[in-house]
Structure formats: C-alpha cells, structure tokens
Amino acid sequence: MTDVLIVVALLLVAGAATAAVLNRDPVRQALVLSFLGLTLALLFTFLQAPDVALSQLAVGSAVTPLMILLTVRKVRRRPGSGGDGADKPAGRER
Amino acid sequence: MSSRVRLWVFLVGAAGFAALFAAACFDLPAFGTVPHPYGVRAVHAALSHHTANVIASVNFDLRAFDTLGEESILFSAVIGTVVLLRQARDEHRKDPEPATVHPPVRRFALLTLPFALLVGLYVIAHGQVSPGGGFQGGVVTATALHLLYIAADYRALERVRPLTLYEIGEAAGEAAYVITGFAAVLAGSAFLTNVLPFGTLATLSSGGTAMVLNAAVGLEVTSGIVVLLARFLDQAVEIEDPGEDDGSPRHTGGGGGNGDDEREPA
C-alpha cells in the first residue's frame, strides 16, 4: 500500500517538475512550483519524513512562489518594458 | 577549447559519474528496510536526553553546531536581502492604494489567518515533542501573517507589522542561540552541550537546551521571513523606479527625487 503511494507521489513529482521546466511564463512557473512543493511534501510524508515534509510545504509551496510572484510584479511594473498591465496600479495610464 | 573537445570532456565525465553512481546505488541497503546504524544511535541518544522528536534531538542537540551554521545562513541571507532591496536614492516611495478584495477571498483569508497562526506557533512550541520545530513553525507563522495582505491590503499588513520589532526579533533569535551555546561553556562543558535538566519525555518542557535552541530558531525564522517578505513587498508594492509615476501622493526617498510630476500620456 505504502509502495503504491510512494510510486504515485514520485510520478506526480516527476510530472510537476517537468511542467515547471517546460513552462516559460514565470507567473505560471511559480504556480507550478507551488504544486511541485505540494507533491514533494506528499512524497516526504509517505517516506515517513514529516519534518522535511513540513519544511517543504512551508518553504517550497508558499514562500518561494510568493517571492517569485512579487519579483515578477516588480519587474513588470517597470515603465517601457511592455508589461501587460494586469498588475499595474489602477489609474496609471490616464 | 573547441566544442568537440568540450563534448568529449563532458562525455568522459558523465560516463565516469554514471558508472560510479550505478555502482554506489547497487550497494545501498534495500529500500526502507534495514535499520541504519546512525538512526539506531540517534534514537538512543534522543531518548536518553528525553527528546521525543528524534529529528529535533539531532538538529538541536547532537548536531547543534550544524544548526547554528544553518541559522546563520538564513540570518545573513536576510541581511543581504535587506541591504540589496533597500530604497535607492533615486527611487521614491508611494503610499499603497486601498485595494478592493472580493468578499469570498476576504472571508477565506480572515478565517484561515488565526488557524494558520495557531498552527505555526504550535509547531514551534512542540518542536521537541512532535514533527516540526522552530524552522517549520517559524515559516508557517510568518506566512500566516501575510494572509492579512490577501484579506485586506498592504496598509493593513503594515499597520499590524512593526518591522523594527521583527528585525530585533531576528537578531535576538540568532543571539539567543549563541548565548545558549556559551552558557554551556560557562557551566563547564563544551560549546552547545546539553547541560539543562532533560525534563519529562514528551512534555513541552523536555529536551533541555534542545527546547531553548528550538525556540531561538523559531524566533529567528519567524522574524527573518517576515523581514525578508517585507523587503520583497516593499519593492513590489511601494517603491517605484525613477520615472515611474502615477500621480498619486508619495514620499520622496533620500532627497533624490527628480520631481517629474506628470508623465506625458503615451
């Protein structure tokens, strides 16, 4: 039973990691990275390493993607970089 | 070096690595079966020091010096971020605008916030008893605070987050770890030796110095992550590059504002 769970978790990790590499948009990459963190946390839990799973869950699927998203927002706000405007403050283009 | 030579160097290296790696893998003990000698000894050492969570015992007792190094890595990384992401002289600070939040999002975040905070503090406090500890709980606590940014807006977060206090907390956590280590020296043992009474197994006050060091790391990580995210949030929300302007009220940083008040519409 545990072996089945471990194999499923391993496949999920491999899939999520490949998706993170294949995605070219940093915002999507951050979201996929968050999902990858979740699958890794699952894998570590099945491998009976709850300490590592907790670290992975907190850092890998919350803090790191958050930092990437904030960085993307900062970079896209820069004038003249052709940002898409989705995250610009309201009223900027009057 | 031509690309052909480079390719050959790579292939030789890769082949060597593959051979050694495969050989090493065949000598590994079977997956999840044989008790590892280090594991057996670590469990024994943890129980003799009345620490129920063996991982905490390894981190804060057996290899407390390693953990001091790891704590210092985070400490210096946060300091580096603070220095790197500070407000430059030609950047100006703009008051964040009040944001509208969808009611379901607001409800969800406000509902999750106290639970997440409690879970984080619980994980820190029970580091020597159950899985988790200062690092994991610290990250959860720090992240939980930022649910307020999702529930309301950046101004609400800034109001309940006195950053100076967290900067002091980060330094205090790091200092407490070193001081606990030197306290053992004063007590006549080596640096970071577990000299405190071990207490009763599986209670909050068990583990001797492991408990103290765990709390110190909890304080350091919570404060460190809050300071770290605050710098990123400042850059993403408040600090604007020179020439970037939307005409809203702002503070000029460092007296270097160039005063271009209205940008021509494109």
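User: Which residues of chain B does UniProt list for "domain: Na+/H+ antiporter MnhB subunit-related protein"?

Analyst: Good place to start! An unreviewed UniProt entry lists residues 106-226 of chain B under that name. In this predicted model, that span is 70% helix and 0% strand, and its end C-alpha atoms lie 21 Å apart.

User: How do I read a nonpolar core, and which residues touch the most other members of the largest one here?

Analyst: Here is the general idea: in soluble globular proteins, nonpolar side chains tend to be buried together. The largest nonpolar core in this model holds 54 residues, and those touching the most other members are A:A58, B:V139, B:L213, B:I225, B:V226, B:L229 and B:L233. Helix α10 of chain B, residues 209-238, gives the most to this core, with 18 residues.

User: At what angle do the axes of α3(A) and α10(B) cross?

Analyst: Roughly 20 degrees, and the axes come within 8 Å. Angles under 35 degrees count as roughly parallel, and therefore α3(A) and α10(B) are roughly parallel to each other. The crossing is left-handed.

User: Which residues meet there?

Analyst: From α3(A), residues 50-77 of chain A, the residues involved include A:V63, A:L66 and A:L70. On the α10(B) side, B:I225, B:L229 and B:F232 are among them.

Terms used. Residues are numbered from 1 along each chain as its sequence is written. Chains are lettered from A and ligands numbered from 1 in the order in which they are written. This is a predicted model: local features need pLDDT of at least 70, side-chain atom pairs count only at pLDDT 80 or more; totals for chains, interfaces and linings use all residues. A nonpolar core is a set of buried Ala, Val, Leu, Ile, Met, Phe, Trp, Tyr and Cys residues joined through C-beta atoms within 7 Å. A residue is buried if 20 or more other C-beta atoms lie within 10 Å of its own, exposed if 12 or fewer, and partly exposed in between; C-beta atoms are placed from the backbone. Helices (H or I, at least four residues) and strands (E, at least two) are DSSP runs, numbered from the N terminus. UniProt positions are given in the numbering used here, feature names are shortened, and annotations may be inferred rather than shown by experiment. Axes are lines fitted to C-alpha atoms, for helices over the stretch in contact, and angles run from 0 to 180 degrees between N-to-C directions. Angles under 35 degrees count as roughly parallel, over 145 as roughly antiparallel, 65 to 115 as roughly perpendicular and the rest as oblique. A crossing is left-handed if the near helix is turned anticlockwise from the far one by less than a right angle, and right-handed if clockwise. Two residues are in contact if their C-beta atoms, placed from the backbone, lie within 7 Å.
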